[in-house]
Amino acid sequence: MSDLNKLGLAEARDALRKGDTTSVELTEACLKAIDAADALNAFVHKTPEIAMERAKAADDRIKAGDAPSMCGLPIGIKDLFCTKGVPSQAASKILEGFKPEYESTVSQKLADAGSVMLGKLNMDEFAMGSSNETSVYGNAVSPWRRGNDDAQLTPGGSSGGSASAVAADLCLAATGTDTGGSIRQPAAFTGTVGIKPTYGRCSRWGIVAFASSLDQAGPMTKSVRDAAIMLEAMCGHDPKDSTSAELAVPDFEAMLTGDIRGKKIGIPKEYRMDGMPGEIETLWADGAEMLKAAGAEIVDISLPHTKYALPAYYVIAPAEASSNLARYDGVRYGRRATLEAGDGITEMYEKTRAEGFGHEVQRRVMVGTYVLSAGFYDAYYNRARRVRTLIKKDFEDAFAAGVDAILTPATPSAAFGLGEMTEADPVQMYLNDVFTVTVNLAGLPGVAVPAGLDSQGLPLGLQLIGKPWEEGDLLNTAYALENAAGFVAKPQQWW
């Protein structure tokens, strides 16, 4: 078999079971593709020795007939996941040289299922960003190009390395994390599938924290079926994470029938934003028509507090970040600044953090510290928490009225060029999360599905939002949408 790295998880799994290929051959094909794709800057810590060792073990398991679905499948791991003995830096200078002595629960589950780790993937520093331009490793680059223009485009953020690697066929799938859209926005930008499960479905233990009440891990894959296969391996209760849900994990793949007859799909009027590009508006309308043609009922709904979601998110997330990032002080692990004679502990903290944190992280830590400070706690943080409750109630009311899933755009535009959103106005960048943050604030599952191309040949995605804990049902609706959209475009290889 040629071009093994271009297979999806389901195709590769079936080929392994039939004996058409081996995990070692699959892994070698991916490692070769990774080495040829340094221009994308997607893989930042390559682990070929670990990959080959796991591939050989997986082949033995498959021969013995004791192999779960993910066994032998080569994947990439976002740099936010702690991986034993492998640099885990969260793309930050402050964690330079940090090699954990433990494995995150999610990456351990994937390893236990027999998957093969190819290496660690680029991301925005501490997952703070929508374009993968805040990384200590430099920008991740999208494999897509606008028409004949050779300007480098963002693969989205913060899981930009994951999105780029999956879209460019450097790995069969990858892990991502989503705090305000960091799986779904990069998936939409790169023509891949990304699902953020219900908060608590995947353990957060061993994943470097950004905003603990919002962070959730999920898979980034080439198809909805692949997302179902990988999500099942990642989920499950973990006593080490107090927010992990003690719920059985269903066989998500078995739930993919494509039959959505009688399902009610809500279209929220508040997501029709001023200045939304016509192409996004058309894509959204086309998506609704596709679901209708598949037998679903399309209903207009209202989520009245949507307009407050972005401001509430940009109070809550930085507040939690300022609390979580206080542990990086140069004392126990990671980078420590060089001190001068007479410097005390305070100077060490100040210098280490000034050197170690990038501008975007510093900005969010300062915003977060401000909104948590004595005089402003009620005015900002508590008010944002109350708004969050109202946003959650909007969704609950819609689902109580019989809506099964909600269809929205995934992003307000196609991928933009690296450097096009200047640091001069960070709010412009934050507006990229306008369709995705509500899902994190409400703790709901959301999936991005590629649904078309814009006039410059770049992918555009649609988002489906589901009921809590009903990822199987949500993936089935996404499967029906994927089948109807028939998206098969791939980037032209230039790297």
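The model is predicted, so local features need pLDDT of at least 70 and side-chain atom pairs count only at pLDDT 80 or more, while totals for chains, interfaces and linings use all residues. Residues are numbered from 1 along each chain as its sequence is written, and side-chain values use heavy atoms, with hydrogens and water left out.

Let's start with empty space. Rolling a probe the size of a water molecule over the atoms shows where empty space is left. Here that's done on a 1 Å grid over the protein atoms alone: a pocket is an open set of points with protein on both sides within 12 Å along at least five of seven lines, a cavity is a set of points where a 1.4 Å probe fits but cannot get out, and lining residues have an atom within 4 Å of a point. Points are joined across faces, edges and corners, and a volume is the space filled by probe spheres set on them.

The largest pocket holds about 490 Å³ of space. Look for K222, S223, E482, F487 and K490, which lie nearest its centre among the 26 lining residues. Several elements supply at least two lining residues each: α1 (9-18), α5 (160-167), α7 (224-234), β10 (446-453) and α15 (471-485). (Helices, H or I with at least four residues, and strands, E with at least two, are DSSP runs numbered from the N terminus.) By class, the pocket lining has 12 nonpolar, six polar and eight charged residues. For this count, Ala, Val, Leu, Ile, Met, Phe, Trp, Tyr, Cys and Pro are nonpolar, Asp, Glu, Lys and Arg are charged, and the others, Gly among them, are polar.

The largest cavity has a volume of about 80 Å³. It is lined by 13 residues, with G129, S130, S182, Y313 and D433 closest to its centre. Its lining is made up of four nonpolar, seven polar and two charged residues.

Next come the salt bridges, each a side-chain nitrogen of Lys or Arg within 4 Å of a carboxyl oxygen of Asp or Glu. A search of the whole structure turns up 28 of them. In one, E420 pairs with R146, and their closest N and O atoms are 2.9 Å apart. E420 sits in the loop between β9 (405-409) and α13 (426-430) and R146 in the loop between β3 (116-121) and α5, so this pair ties together parts that are 274 residues apart in sequence. R146 is buried at 13% relative accessibility, while E420, at 45%, is partly exposed. (Buried means under 20% relative accessible area, exposed over 50%, and partly exposed in between, with a 1.4 Å probe and protein chains only.)

Another bridge joins E396 and K392, at 3.3 Å from N to O. These two are four residues apart in helix α12, which means they are separated by about one helical turn. There's also a network of salt bridges linking R13, D14, R225 and E253.

Finally, helix α12 (residues 377-400) also contains Y380. Y380 is partly exposed, at 36% relative accessibility. Together, Y370, F376 and Y380 make a nonpolar surface patch of about 270 Å². Patches are built from residues with over 30% relative accessible area and no salt bridge, joining like charges within 9 Å and nonpolar side chains (Val, Leu, Ile, Met, Phe, Trp, Tyr) within 5 Å. The areas come from the Shrake-Rupley method with a 1.4 Å probe; for residues, only the protein chains shown count as cover.
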